[in-house]
Amino acid sequence: MRRAALLLALLPLAGPAAASELAEPFAAADVNADGHLDVDEYVAAVVHRFAALDAEANGDGALAPEEIPDVELDGFIHADRDGDGLLSVGEAAADRIILFFEADTNRDGVVTLSELEALSEEAAE
């Protein structure tokens, strides 16, 4: 997968993460603690993480590559749909929703930690 390194909203626009690094952010995003993320939980995590990064940077409502820790530039450019060099929350969410469905390998409409770990391992290759 060309953008598999853009793992999870919780590790936004960063390179591949070790599987052990996914458990804590996964649990935080799993609001109802049912062991999987549905698309609503996932999008909420994207929006929350985007807002946190934006607040840490300058609060202008957009993220430049230098405002994202460990950014993967190719993934950033792909997500920047209008090509202005900044990510809006809409661009970030749209890119992440695509990843949600890439991670959902059994097509049951939810993503499990094991599915994310498998995606992370694939991205590391």
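Q: Which elements do the buried residues of H2 pack against?
A: Packing is read from contacts, meaning heavy atoms within 4.5 Å. In this predicted model, the buried residues of H2 pack against helix H1 (23-29), strand E1 (36-38) and helix H4 (89-103). Helices (H or I, at least four residues) and strands (E, at least two) are DSSP runs, numbered from the N terminus.

Q: Which residues of H2 are buried?
A: Buried means under 20% relative accessible area, exposed over 50%, and partly exposed in between (1.4 Å probe, protein chains only). In H2 the buried residues are Glu41, Tyr42, Ala45, Val46, Phe50, Leu53 and Asp54.

Q: Is Ala44 exposed or partly exposed?
A: Ala44, found in helix H2, counts as partly exposed because its relative accessibility is 46%.

Q: Which residue caps the N-terminal end of H2?
A: Asp38 is the cap, with a side-chain oxygen 3.0 Å from the backbone nitrogen of Asp40. Just after H2, Gly59 has a positive phi of about 70°.

Q: Which residues touch the most other members of the largest nonpolar core?
A: A nonpolar core is a set of buried Ala, Val, Leu, Ile, Met, Phe, Trp, Tyr and Cys residues joined through side-chain atoms within 4.5 Å. The largest one has 14 residues, and Leu37, Tyr42, Ala103, Val111 and Leu116 touch the most other members. H4 gives the largest share, 4 residues.

Technical notes: Residues are numbered from 1 along each chain as its sequence is written. This is a predicted model: local features need pLDDT of at least 70, side-chain atom pairs count only at pLDDT 80 or more; totals for chains, interfaces and linings use all residues. Side-chain values use heavy atoms; hydrogens and water are left out. A polar contact is a pair of N or O atoms within 3.5 Å; within protein, one must be able to donate a hydrogen and the other to accept it, and residues adjacent in sequence count only if both atoms are side-chain atoms.
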